[in-house]
There are 2 protein chains.
Amino acid sequence: MNIKKFSEATKLTAYTVRYYEKMGLLKNISRNSSGHRWFTEQDIVWVAFIKRLKDTGMPLEGILKYAELREQGISTSEQRMKMLQDHALKLEENITEQQLNLKKLQQKITYYSDVIKVQ
Amino acid sequence: MNIKKFSEATKLTAYTVRYYEKMGLLKNISRNSSGHRWFTEQDIVWVAFIKRLKDTGMPLEGILKYAELREQGISTSEQRMKMLQDHALKLEENITEQQLNLKKLQQKITYYSDVIKVQ
DNA sequence: CTACAACTTAGAGCCAACTCTAAGTCAAGT
DNA sequence: ACTTGACTTAGAGTTGGCTCTAAGTTGTAG
């Protein structure tokens, strides 16, 4: 598919898609006869994973490192697994922290609702 | 306390403390005879709350809006409560999303550990 | 055959949130 | 009196992650 379809499918702008390719997150994107990028379903799956890492707080630099390991094939599986384990651990900690944050916010909301009742 | 003690207490750099004051997050910070900022324990509590909002994804612009309502006194309690309720709702949704993300990452890790076993 | 939309590139611009620099003031210690 | 070091300011610079511009090429419809 062309960049327009791909950007619709991934919900990235075409600008961002080109940016990701330029910085090395998207590798081996083929071109058609007139030099336009041609994306596959597999590229969509890969972007979905990039987004998951990004949305869980991994900087693009970290995702790039993963992408480079991935490009080198199966021999880097262990390294990639290690990266994901470290990341998952941080994510778990972050979720716990956010649950505490939520609780504290809810306490403050309760405090406000008491203030308002008295007003 | 002076800016150094305050930055240690809040774990913000002195640069960031000044930046927060300049942009309006920190209001009514008094000065000593030589023009240096003088912070109180209450300022530490307030920064802790700023950090909670920030760490849960509220942009400084939003926190600034809250700070301005807060400065106007008790009459804005309801507005502030509304802000916190909206924010807490988004946070709750985000936690749910991150829990799903974590699950998916863990599945991928399991997949990797199978790949490695076979290798 | 020409208009027009969609693509291409390199590189500039933008935004949030800091982070630092330069030039200056001030208080405390020797 | 002088050095040292912490503070002050306005404003410039940095970083991450896009977002856009300009100039050019290509494919399709009228």
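## Basis of the model

The model is predicted, with local features requiring pLDDT of at least 70 and side-chain atom pairs counting only at pLDDT 80 or more, while totals for chains, interfaces and linings use all residues. Residues are numbered from 1 along each chain as its sequence is written, chains are lettered from A and ligands numbered from 1 in the order in which they are written, and side-chain values use heavy atoms, with hydrogens and water left out.

## Helices α3 and α4 of chain A

In chain A, helix α3 (residues 41-55) and helix α4 (residues 60-71) have axes that come within 10 Å and cross at roughly 140 degrees. Helices here are DSSP runs of H or I with at least four residues, strands are runs of E with at least two, and both are numbered from the N terminus; axes are lines fitted to C-alpha atoms, for helices over the stretch in contact, and angles run from 0 to 180 degrees between N-to-C directions. The two helices, α3(A) and α4(A), are therefore oblique to each other, on a scale where angles under 35 degrees count as roughly parallel, over 145 as roughly antiparallel, 65 to 115 as roughly perpendicular and the rest as oblique.

The residues of α3(A) that meet α4(A) are A:Trp46, A:Phe49, A:Ile50, A:Leu53 and A:Lys54, and on the α4(A) side they are A:Leu60, A:Ile63, A:Tyr66, A:Ala67 and A:Arg70, where contact means heavy atoms within 4.5 Å. By class, this contact of α3(A) with α4(A) has eight nonpolar, no polar and two charged residues; Ala, Val, Leu, Ile, Met, Phe, Trp, Tyr, Cys and Pro count as nonpolar, Asp, Glu, Lys and Arg as charged, and the others, Gly among them, as polar.

A:Phe49, placed in helix α3 of chain A, is buried, with a relative accessible area of 9%; buried means under 20% relative accessible area, exposed over 50%, and partly exposed in between, with a 1.4 Å probe and protein chains only. Not counting residues up to four places away in sequence, A:Phe49 touches A:Tyr66, A:Leu84, B:Leu105 and B:Lys108.

A:Thr56 lies in the loop between α3 and α4 of chain A and, at 10% relative accessibility, also counts as buried. The side chain of A:Thr56 has a polar atom 2.9 Å from the backbone oxygen of A:Leu53, and a polar contact of 2.7 Å joins the side chains of A:Thr56 and A:His87. A polar contact is a pair of N or O atoms within 3.5 Å; within protein, one must be able to donate a hydrogen and the other to accept it, and residues adjacent in sequence count only if both atoms are side-chain atoms. Leaving aside neighbours within four places in sequence, A:Thr56 is in contact with A:His87, A:Leu91, B:Gln98 and B:Asn101.

## Helices α1 and α2 of chain B

In chain B, the axes of helix α1 (residues 3-10) and helix α2 (residues 14-23) come within 9 Å and cross at roughly 95 degrees, which makes α1(B) roughly perpendicular to α2(B). B:Ile3, B:Phe6 and B:Ser7 in α1(B) meet B:Ala14, B:Val17 and B:Arg18 in α2(B), and these residues divide into four nonpolar, one polar and one charged.

## Positive phi in two loops

Most residues other than glycine have a negative phi. A:Lys11, in the loop between α1 (3-10) and α2 (14-23) of chain A, has a positive phi near 60 degrees and counts as exposed at 73% relative accessibility. B:Asn28, in the loop between α2 and β1 (30-31) of chain B, has a positive phi near 55 degrees and is exposed, with a relative accessible area of 68%.
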